[in-house]
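Subject: Handover of a structure model

Dear colleague,

Please find below the structure that I am handing over to you. A summary of the findings follows it.

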Amino acid sequence: MSADDPNPAATPTPCEDTQGDGRWMSLHNRFVSDSKDKEPEVLFVGDSLVQLLHQSGIWRELFSPLHALNFGLGGDATQHVLWRLSNGELDNISPKVVVLWVGTNNHGNTAEQICGGIMAIIQVVKNKLPHAQTLVLGILPRGKMPNPLRERNAKVNKLVQEATSSLPHASFLNDMYDYLHLTPAGYQAVCKPLHTLLTSMLEKPAEN
């Protein structure tokens, strides 16, 4: 890929309908529809880690009371989230905080490309929700032992942390030590500090 080629991880792309039943587009349309009668203070968006969080007791315990909405879709990579947020999912809501957890499904992309995809999502949120804060969660390690995917995800986290450090409308939380999918105890460990941080962010007056 030359320097002039577009970054596939930062190019809004609908997810390929590999199942043949239109489920991804159906869920996207449901999210757009759901947003029309909701007034969330927090929006969670991302891949299966976000989607599965919605089905956990942790969600009901910690995040439902914060008026949180969940737009997690299993299998999503950065370019899929980028497409969804560019095509209606942010158009009817004005949350104070957008929690973004995506990147582990960007198979075949470099750490730099994935970081570029995450930063493109942050920019779309900034454009559509100028008063919102974006909180990026670090990508989980993949596998217990050192391996290329684990190293790539660690590099993504480092690049995103550096890229968001100078942005007033974005921040990074890396509290991740589990493997690809979290156990209930893993979710508890990740979500307790996240809940504390979200509560403090919601208590701050909105930026002008």
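Which residues line the largest pocket? Please note first that the model is predicted. The lining of the largest pocket consists of Cys 15, Glu 16, Asp 17, Thr 18, Gln 19, Arg 23, Trp 24, Leu 27, Gln 51, Leu 73, Gly 74 and Gly 75. By class, four of these lining residues are nonpolar, five are polar and three are charged. Helix H1 makes the greatest contribution to this lining, with three residues. The volume of the largest pocket is about 230 Å³.

The structure contains one cavity of 30 Å³ or more. The largest cavity has a volume of about 40 Å³, and its lining is formed by Asp 47, Leu 49, Trp 101, Val 102, Gly 103, Thr 104, Ile 139 and Leu 140. Five nonpolar residues, two polar residues and one charged residue make up the lining of the largest cavity.

Helix packing

Helix H1 covers residues 23–35 and helix H4 covers residues 78–89; their axes lie 10 Å apart, at an angle of about 40°. H1 and H4 are therefore oblique to each other, and H1 passes H4 in a right-handed crossing. On the H1 side, the contact involves Trp 24, Met 25, His 28, Phe 31, Val 32 and Ser 35, which meet His 80, Trp 83, Arg 84, Asn 87, Gly 88 and Glu 89 in H4. The contact of H1 with H4 comprises five nonpolar, five polar and two charged residues. Trp 24 of H1 takes part in this contact and also belongs to the lining of the largest pocket.

H4 also packs against helix H5 (residues 111–128), at an angle of about 10° and with the axes 9 Å apart. How are H4 and H5 oriented to each other? With an angle of about 10°, which is under 35 degrees, H4 and H5 are therefore roughly parallel. Here H4 supplies Thr 78, Val 81, Leu 82, Leu 85 and Ser 86, and these meet Ile 114, Gly 117, Ile 118, Ala 120, Ile 121, Val 124, Val 125 and Lys 128 in H5. The contact of H4 with H5 has nine nonpolar residues, three polar ones and one charged.

H5 packs in turn with helix H6 (residues 148–164), where the angle is about 40° and the axes are 9 Å apart. H5 and H6 are therefore oblique to each other, and their crossing is right-handed. The residues of H5 in this contact are Ala 111, Glu 112, Ile 114, Cys 115, Ile 118, Met 119 and Ile 122; they meet Arg 152, Lys 155, Val 156, Leu 159, Val 160, Ala 163 and Thr 164 in H6. Ten nonpolar, one polar and three charged residues form the contact of H5 with H6.

Yours sincerely

Terms used:
Residues numbered from 1 in each chain as written. Predicted model: local features only at pLDDT ≥ 70, side-chain atom pairs only at ≥ 80, totals over all residues. Heavy atoms only, no water. Axes fitted to C-alpha atoms, helices over the stretch in contact; angles between N-to-C directions. Helix = DSSP H or I, 4+ residues; strand = E, 2+ residues; numbered from the N terminus. Parallel < 35°, antiparallel > 145°, perpendicular 65-115°, else oblique. Left-handed = near helix turned anticlockwise from the far one by under 90°. Contact = heavy atoms within 4.5 Å. Nonpolar A, V, L, I, M, F, W, Y, C, P; charged D, E, K, R; others polar. 1 Å grid on protein atoms, 1.4 Å probe; cavity = no way out; pocket = protein on both sides within 12 Å on 5 of 7 lines; lining within 4 Å. Points joined across faces, edges and corners; volume = space filled by probe spheres on them.
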